[in-house]
Amino acid sequence: MTDEDWMRQALRLAETVLYITAPNPRVACLIVRDGQLLAEGATRQAGGPHAEVMALRQAAERGIDVAGTTVYVTLEPCSHYGRTPPCVDALIAARPARVVIAMGDPNPLVSGQGVAKLRAAGIAVTTDICTEAALAMNPGFVARMTRKTPWLWLKLAASLDGRIALANGQSQWITGPAARADGHHWRARSCVVLTGIGTVAADDPLMNVRHVETARPPIKAIVDTQLQVSEQARIFDGTPVWVFTCVSNPEKAQRLADRNVQVVTLPAVNGRVDLHAMMRWLGEHDINEVHVEAGARLSGALLQAQCVDELLVYMAPMLLGEGIGMVHMEPLQQLTQAQRFEFIHTACVAPDVRLSARHIDHWKTLLQALQQQN
């Protein structure tokens, strides 16, 4: 097997911890000798051991001497003391002959220092193997470290003619049960599930994860400019909720706080919550990935504010005619003004189709930030 083959195997292992590591990145490590996998490990929940330590522990349990092996790791080993000791020190002590790394760690506390320490210890290092695939595993972590805001995807469920509801507002259900269940995977991998006051008022949703087992459920959040949300809304179920508003209402905020709800007062732009300020606040609070399920108005506002990094569109094989479009946005005057996305994945979720599209410029910016570390 080639370095790329082993790294893709490591990335598949990293995917098994997709739901649990935040705010840490999802990382996996393989220890290989003479084409044979000796041990492996993936990062545990925040505060737990990282991938390299997990793999080294497994090797020790099996009585394997790691000296002279090749280690494959999907992210540059950390070189600083955080909640756990530096992984690079553990690797150096194990004395592998070579370490192969998918991508550098954009954390300023690491950013090349892990690679430098390994080389200074006489260990050969190969970098940038399957970099884009490694970035796709952790776009939120890289975004938070480089641009200080999380990676945000917008989920939409629509008919073939792009309607999310009939003209009278009826929307349940355009897509089928399989598509709705599939959407819970994306909720589960996110740090925050975000919606708007319009959706809460119209549908009274739970916005929780029900079809995926996760030990780290995402925080729920509402954009509510006027703090109009009903205190009896089902979304307030005792789990953490953030409400982003422009209104100061200490009495209501305290009543909500008693139900594990934090009211976050932000500046207003054109009479609505400043979405850029919200994204910065989320980044400051260690949020890597944001999953949005909202109505056409908030979805359009996020797009117009250039906050959307990825689209997750479930399309049902039906035509609805006149109705509510996927997003409400101001009309463009030129096609050159359109935001450009590229399709990255399609899947049949019978009877519907899931389309994933990534913002071209946002993705290039993350890649360039990683390349600048070299």
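Reply: Let's begin with a term: a salt bridge is a side-chain nitrogen of Lys or Arg within 4 Å of a carboxyl oxygen of Asp or Glu. By this rule the count comes to 13 salt bridges. Behind the term is a simple idea: side chains of opposite charge can pair when their charged atoms come close.

A word on the source: this is a predicted model, in which local features need pLDDT of at least 70 and side-chain atom pairs count only at pLDDT 80 or more, while totals for chains, interfaces and linings use all residues. Residues are numbered from 1 along each chain as its sequence is written, and side-chain values use heavy atoms, with hydrogens and water left out.

Now to the domains. The assignment gives domain 1 (3–138) and domain 2 (148–372); such bounds come from an automatic or database domain assignment. Taken over C-alpha atoms, the centres of domain 1 and domain 2 are separated by 33 Å. Where they meet, 16 residues of domain 1 are in contact with 17 residues of domain 2, contact meaning heavy atoms within 4.5 Å.

On a 1 Å grid over the protein atoms alone, a cavity is a set of points where a 1.4 Å probe fits but cannot get out, and a pocket is an open set with protein on both sides within 12 Å along at least five of seven lines; lining residues have an atom within 4 Å of a point. Grid points are joined across faces, edges and corners, and a volume is the space filled by probe spheres set on the points.

Searching the whole structure finds 1 cavity of 30 Å³ or more, and the largest cavity holds about 50 Å³ of space. Its lining draws at least three residues from each of domain 1 and domain 2. Among the lining residues are Thr21, Asn24, Arg26, Asn138, Phe141, Arg189 and Glu289. By class, the lining of this cavity has 4 nonpolar, 4 polar and 3 charged residues. Here Ala, Val, Leu, Ile, Met, Phe, Trp, Tyr, Cys and Pro count as nonpolar, Asp, Glu, Lys and Arg as charged, and the others, Gly among them, as polar. Look again at Arg26, Arg189 and Glu289: a network of salt bridges links them.

Helix 1, helix 5 (131–137), helix 7, strand 17 (341–349) and strand 18 each supply at least two lining residues, and helix 1 gives the most, with 4 residues. Helices (H or I, at least four residues) and strands (E, at least two) are DSSP runs, numbered from the N terminus.

Aspartate 182 pairs with arginine 354, the closest N and O atoms being 2.7 Å apart. Aspartate 182 is in helix 7 (residues 177–189) and arginine 354 in strand 18 (residues 352–359), so this pair links distant parts of the chain, 172 residues apart. Arginine 354 is buried, with a relative accessible area of 11%; buried means under 20%, exposed over 50% and partly exposed in between (1.4 Å probe, protein chains only).
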